[in-house]
Amino acid sequence: MAQSVHHLAESYNLKDIVLPKKIKARKKAIMKKSTTTYITLLFCFLTLQAYSQNIASISGKVINKANEPNFGNVVVLSAIDTTFIKGTSFEDTTFFLTNINTPSVLLKFSALSFADTIIKVVYKGQSHIDMGTVMMRLNEKELAAVTVVSKVPLVNHTANGTIEVNVAKTMLSASSSVTEILSKSPNVIENNGQISVFGKGEALIFLNGRLITNERLSSIPVSQILKIEIIPNPSSIYDAEGKAVINIITKTRGAEGIMGVVSQQITYSDFAGINAQSFFDLSYVKDKLSVIGNYSLLFGKSREFLHTIRTRPAADEYLKSDLTTDWRRQMNNYSNYGLGVQYNFDSKNNISISYNGSSEDMGGYTKSQNTILTKTDNSFYTSNIDKDELRTNNSVTLNYNRTVDSLGSTLFLGTQYSHFNLGIDDFITENRTVNSIDGSRHLKNDMDNGISVSSSQLDLTKILRGGQKLEMGTKFSYVTTKSATNFHIAENGNDYIFDKNLSNQFQYTEKIPAAYLSYSGVINKINYGIGVRGELTDYKLNTSVGGGQALLDTYFNIFPNFQLNTVIAKTFKLRASYTSRITRPRYQALNPYVIYQDPFTTVEGNPNLIPEKVHAFEIGANYHDYDFRMGYNYTIDPINGAALRGENPNSYVLKAINLEKGHSYFASLTKTINLKWWTSVTTFNLNYTNLIDKKYDFDIIKPEPQLYIYSSNTFNVKDIVKIQLLAWYLGRKKQGIYDEFNRNSVMLGIEKDFFKNKLKIRLLANDIFKRTYAWGTYGVGKTDIYYNRTFNNAYFRFIATWNFGKIKNSNFKIKSTGQSENSRAN
């Protein structure tokens, strides 16, 4: 397309666009999709029979009337109903949009102090369209008003199957933490600190495209989160770790001046008590310099309660243990803080350095009671742990970003160092009555655990004309973890004696160099992506358990992947993908140090754990507001957890183990609604997992399908208040050795803005019917185990948020200050 200048006179008022008639129903054979094979054949057939051509990519530059570059955003809207498709920012003068795959779209250009400009773009024989120069004018009275009748949906399904969850300006921004946001997002399951994607498994967490630890989640200010990407089939540019990827994207600032947010939350629960959390975010932009800082403080009470019954019914070794454990945590000072500085040499080069940290000072106590009946004894044990625990996490990141050409090709160079430390100084009091004979003892538990992670990476993204993209990069990470656990025991008031059975020294080092190559493009109207990632893992483990152990190994893995997606009609898209992934054991899961729970129950790591590998296949379709997907996962050496019998006949050790293999099948259907007064996303998921093992004395139960339903609804009541109703249901799960019973949650929230949107007040009631507890049964050898774990999820929350500051237009795009990666330090 020849270079030309587009003026606002060529813009379109969306109210004047006439919607076409509904597409006729497709053949009955297409709609059935009864088997995976049939759907795959259908995908290939419809791809070959595609009847229209589409725009693959659009590029151009943006200026104002004075021929000066602008900073702002360009959004792609559907030419049919103006729904949001995708968007990006234009820095200095240029923008580049890929994977559009639609015969006609509306481009909406927005910038501070300028009128919105909307241009209709239609396919005319070339998949790549160069818009030339787009001129924006000042927002003067004589300019015709342009009205966009739609708004960004709560959830957006992209062509490659990624689920985008918008956080900003939704009730999700009323959450107190990123973990809480994830637990309320579709297809995301949060269970005792572990984040998983339904049908896939445990997810790796990224922040602005850089890997982070779970500990870093607590240091991310909720007010700075723009959206969350749930990526069930990640490409080779992401680390091969984890079965899925969740990418948290923060807001960017392009306007000069000072902006700040102050927020106060007060949470009440009749189960745990009251806690309060304060947030303070401040950003400053002046010319080429931007500074962003944040601080949050949480203090108050939290609680968790576990009821466990263990039974060995055999007469010769009969045992019944009825154990309750009550964690009453006192959050003395949970602080999170960060500071980032970015300098823009020009519109195409910037360097940034950032520091993020957290400090969690926890007190309180843990009480447990255990009644044990055996063939010969009737015993009752109590213990009280006075908690004194301090967790710190500090990270420094240095990033360099460069745009290398006018098409938007980029170079990224980053390095990061972080250190996590856990210090425990607990005092434990035990009392016992065995066959009417009383006794007691005291224990001191001192532990220091440190994990250091350093990594550097280089990424090059080359944008090619015609919509092709070549990505390549390399990365090196180095991890060291050291811990020392010391137990001293005093029986019946005697002197303290060092206990070598409970104590442990542990050291672990790991080096992983990695490289990847990824290529994506368009053939006719088929978008494809193919990539490969190679990772060399070298580790060494030393522990004092069992008189001393030393384990070391080196292994190399290649992880191929491919993705296909195509547009059959304006509202009908198909996709298919294959990915291979690896899940390495968490560092602390390898560490055999003892976490005391009661005299007969401990939590210990397993230094013999090996990584699990997954091969995942998925196909999917998007039709109007419906999204459908189904897939199969084959897992080798799946990591699971169990309570194994300890050295004492009445004792049990909770630890992670490897099973032999697993087969998993899943299907999902999602419906979205995006009206002026009502936005909604509802998803139905079905999963079937069959775990197989012959290494342990386990009774593998017969698996059954598990149902998961999620629905989030926001109602705009005459632009006065917003009401949100969110509910989810997680059905019974029978797989491996576990039979986990169903649980569900209902949340209701109301939101009101004051003083021209500067003050926002929210009221929230979470887990109204108190049904989020995790409960179920499993068997280990001759022992049957029932558990019921109650979390502090049923609460009422008041949130007040005040926005302040003064800004003006800036020519520079401010990317998020340096964020980088850690791995598996949870």
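The legends below describe close-up views of a predicted model.

**View 1. Confidence along the protein chain.** The mean pLDDT of the chain is 81, and 83% of its residues reach 70 or more. Residues 140-151 have a pLDDT below 50, with 25 contacts in the model beyond near neighbours in sequence. Residues 809-826 also fall below 50, and this stretch has 106 such contacts.

**View 2. Nonpolar cores.** The largest nonpolar core comprises 37 residues; Leu 182, Ile 205, Ile 220, Ile 225, Ile 228, Ile 246 and Ile 248 have the most contacts inside it. A second, separate core contains 19 residues, including Leu 422, Ile 451, Leu 541 and Leu 590.

**View 3. Surroundings of Leu 172.** Leu 172 is located in the loop between β10 (163-166) and α3 (178-183). With a relative accessible area of 4%, Leu 172 is buried. Beyond neighbours within four places in sequence, its contacts include Val 165, Ile 181, Val 222 and Gln 724. Its C-alpha atom is separated by 8.5 Å from that of Ser 185, 13 residues apart along the chain.

**View 4. The aromatic pair Phe 755 and Trp 802.** The ring centres are 6.3 Å apart and the planes lie at 65 degrees, so the pair is edge-to-face. Phe 755 lies in the loop between β44 (743-754) and β45 (759-766), and Trp 802 in strand β48 (residues 795-814); the pair therefore ties together parts 47 residues apart in sequence. Phe 755 is exposed, at 58% relative accessibility, whereas Trp 802 is partly exposed, at 34%.

**View 5. Lysines over aromatic rings.** Lys 444 lies over the face of Tyr 496, 4.5 Å from the ring centre. Lys 752 lies over the face of Phe 754, at 5.8 Å from the ring centre.

Notes
Residues numbered from 1 in each chain as written. Predicted model: local features only at pLDDT ≥ 70, side-chain atom pairs only at ≥ 80, totals over all residues. Heavy atoms only, no water. Core = buried A, V, L, I, M, F, W, Y, C linked by side-chain atoms within 4.5 Å. Buried < 20%, exposed > 50% of the residue type's maximum accessible area, 1.4 Å probe, protein only. pLDDT = per-residue confidence, 0-100. Contact = heavy atoms within 4.5 Å. Helix = DSSP H or I, 4+ residues; strand = E, 2+ residues; numbered from the N terminus. Phe/Tyr/Trp six-rings, centres within 6.5 Å; stacked < 30°, edge-to-face > 60°. Lys NZ or Arg CZ within 6 Å of the ring centre and 35° of its normal.
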